[in-house]
Amino acid sequence: MSGGLSPRRVAFDVLRQVSGEGAYANLALAKRLTRAGLETRDAAFVTELVAGTCRLRGTYDAIIESASGRGLKTMQPAVVDLLRLLAHQALGMAVPARAAVAATVGLARDTVGQRVTGLVNAVGRRIAAHDLQEWVELLSEGLDETDRLAIRTHHPRWIVAAYEKVLQENEVAQALEANNLAPRPTLVMRPGLAEVEELAPAVPTVYSPFGAVLDGAPGDLAAVREGRAGVQDEGSQLVCLALTRVEAPSGPWLDLCAGPGGKSALLAGLARQRGEHLVANEVAAHRAKLVEQALAVYPPGTASVICSDGCDPEPVRRHAPFARIMVDAPCSGLGALRRRPEARWRRTPADLAELVSLQRALLETAIGLLVPGGVAAYVTCSPHADETAAIVEAALKNNPHMELLDAAALLPEVPGAARGGYVQLWPHRHGTDAMFLALLRGTS
């Protein structure tokens, strides 16, 4: 270990960034592990400790309050994080209870001070007095079925309720539990620059002709280091594939919300093979630079990157009209909870209301930029009805010249993807993120 820091101390430092500074767990963890220089076994321990603690945070918080007999707000935030780490070791990992308590007491002494060790020791012992299943049963007493399912699958109630609206009753628990399984890295080749075979030992994805699933570090592959391949969930690859399969006029393509550039890089290669040009637009300057980096591997003239507001993109209009437009709208990210373990506890229904307004505006902008007969793909990494079907229905009502296409018919190799006239992918069905896709064509 580097600098004498223990794996638990590294995990604590990352968790404090996530809880106290709003950092993304996966990014903070990656940076911290790079600096720590831990051995492989210790790095794996830290990864599970951080990811698991973030994933089950709401459940652990309820356990801590029950075990301590007090609210979390009455404790120092650092002490709460210590108890969360203790809970995951004792209840979610193969760490003996005594070892979890003793190690966390020592960590508390080193990081917060001697005065909190008694509290950590006492509460930690009460936490470890039951296993996780026993705690779930205790916390579920007297609750309705939705709240019991929320506790059992470690999600906030509002997310469970959202899943209940779009899935059959016998699938809801399975879908939620799939969010608790960390995915393996999925790679994507850049069309015209690499072949899937070059990604070996990664195994080709089940549905996407562009992808492969890897057990290992993507950076170990030459194609990834050289930018001829990247990391991208299979669901994201499939929504791009559907947009390229639909019948549309010739003309430039647009990725309206392009950052950080994964879909742009795939679309640019596919557009180039057809002799078309891609315009990639991104509102945030630092994300626009990431798009530029992702596209730099292609020959000059393949794509253009523009930094402008997608709701009123005056620079984009100079390249309009467009034959195909990808609107991968900012969303709640409820479809990628397995990749972002802290997101389920960070997002709220209030966040959704603000996002819905933005999503509607972006789709309206895209419709106004289409050539007659052009096609817009509305995509979110979420199954929530408010930011999927409701957005599309509102756009169709406001724009009677637009028609909804059968998106699922364009992905016949993907079973169980149809949701009405839309595509809805799921981790538990397809092994992908829960990507939503609607395709709209202008009729005049």
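Modeller: In this predicted model, 5 residue pairs are in polar contact between domain 1 and domain 2, both residues of a pair being at pLDDT 80 or more.

Colleague: What makes a pair of residues count as a polar contact here?

Modeller: The pair must have N or O atoms within 3.5 Å, one able to donate a hydrogen and the other to accept it, and 5 residue pairs between domain 1 and domain 2 are counted under that rule.

Colleague: How many salt bridges does the rule find across the interface of domain 1 and domain 2?

Modeller: The rule finds 0 salt bridges there, because a salt bridge needs a side-chain nitrogen of Lys or Arg within 4 Å of a carboxyl oxygen of Asp or Glu. On the side of domain 1 that touches domain 2, the residues divide into 7 nonpolar, 3 polar and 2 charged.

Colleague: How do you know which residues of domain 1 and domain 2 are in contact?

Modeller: Contact requires heavy atoms within 4.5 Å, and 12 residues of domain 1 are in contact with 6 residues of domain 2. The area buried between domain 1 and domain 2 is about 800 Å², with carbon and sulfur atoms giving 50% of that area. The elements giving two or more residues to the domain 1 side are α3 (40-55) and α4 (57-68).

Colleague: Why are these called domain 1 and domain 2, and where do they lie?

Modeller: The names follow an automatic or database domain assignment, which divides the protein chain into domain 1 (7-141) and domain 2 (186-442). Their centres, taken over C-alpha atoms, are separated by 36 Å.

Definitions and conventions: Residues numbered from 1 in each chain as written. Predicted model: local features only at pLDDT ≥ 70, side-chain atom pairs only at ≥ 80, totals over all residues. Heavy atoms only, no water. Buried area = accessible area lost by both parts, 1.4 Å probe. Polar contact = N/O pair within 3.5 Å; in protein donor to acceptor, adjacent residues only side chain to side chain. Helix = DSSP H or I, 4+ residues; strand = E, 2+ residues; numbered from the N terminus. Nonpolar A, V, L, I, M, F, W, Y, C, P; charged D, E, K, R; others polar.
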